[in-house]
Amino acid sequence: MIYITGDVHGDIDFGKFVHLRANNVSLDDYLLILGDAGICWSPEFTRKIITMYRKLNITVIFLDGNHENFDMLESLPLVEYKGALMHQIDDHIFHILRGEIMELEGYTMLCIGGAHSIDKHLRTEHISWWSQEDITDHDIDNAVWNLRRYKNKVDFVLTHCVDSLTVKEAFHFHTDHSSDQLNFVDRVVDYNRWFFGHYHFDVPAGKKKECVYQRIIKLEKKSGHTN
């Protein structure tokens, strides 16, 4: 089983996972976090959060959001997992790089983390804010390159923020460079559903897009797929 949810912010929104324990999840199940996981912050805090996920007993794959310690993330070992490049935080906790496509339970998933912090003027660089938060041209180039291998077709798009048109039409928020960077998706990618976090809502945003925060979406293994 695959479970998809939005921002967790370390231990702040961890309580929503109480329902997973009732579902008897195992390490053969996957929890996908759409950015702002908040697992990597300080070494002491990271150890605490890792212990919490170990007790949850599920394999975790997260996108980066805008509130992550990118210096710590970038120091972690790179591995190839589920067909994608990821940083490995613990035996069963992984951070997927921007623009990578993973294959999970028969599904293909384009993943692009990153977003812009509107509160960065209140934060301190390399302590509570990191300049690596914004989506770059290199991130999009990596996505485009990987999409060629799949003929620009994936089952799901997973991001932290969302494209600028959706930001304006669904939320009436200001757009920024990172949301602009995602404008290519609707032009280029043939996808079934697009899930994103960042905005702290649980609402549909058009016919194929959905903002996820506290909700946990369940995906059964794709029909016909065997491990």
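1. A contact here means heavy atoms within 4.5 Å. On that count, 68% of the contacts in the protein with a separation of 6 or more come from residues 24 or more positions apart.

2. A word on what you're looking at. This is a predicted model, where local features need pLDDT of at least 70, side-chain atom pairs count only at pLDDT 80 or more, and totals for chains, interfaces and linings use all residues. Residues are numbered from 1 along each chain as its sequence is written, and side-chain values use heavy atoms, with hydrogens and water left out.

3. Overall shape: the C-alpha trace spans about 50 × 40 × 30 Å along its principal axes. The radius of gyration (over C-alpha atoms) can be set against a globule rule, 2.2 Å times the number of residues to the power 0.38. For 227 residues a compact globule would come out near 17 Å, and the protein's 16 Å agrees with that.

4. Inside and outside: buried means under 20% relative accessible area, exposed means over 50%, and partly exposed is in between (1.4 Å probe, protein chains only). Of the 227 residues, 54% are buried. The protein exposes about 10500 Å², with 52% of that supplied by carbon and sulfur atoms; these areas come from the Shrake-Rupley method with a 1.4 Å probe, and for residues only the protein chains shown count as cover.

5. Charges: there are 24 positive and 34 negative side chains, and the centres of the two sets lie 6 Å apart. Lys and Arg count as positive and Asp and Glu as negative, while His and the chain ends are not counted. Each charge is placed at NZ of Lys, CZ of Arg, CG of Asp or CD of Glu.

6. Secondary structure: the protein has seven helices and 13 strands. These are DSSP runs numbered from the N terminus, helices being H or I with at least four residues and strands being E with at least two. Two strands pair if DSSP finds at least two bridges between them.

7. Two loop residues to check by eye. Most residues other than glycine have a negative phi. His9, though, has a positive phi of about 55°, in the loop between strand 1 (2-5) and helix 1 (18-22). It counts as buried because its relative accessibility is 17%. Asp36 likewise has a positive phi, of about 50°, and is found in the loop between strand 2 (30-33) and helix 2 (43-56). At 2% relative accessibility, Asp36 counts as buried too.

8. Strand 7 is antiparallel to strand 8 (residues 107-112) over five bridges, where Leu104 is partnered by Tyr107.
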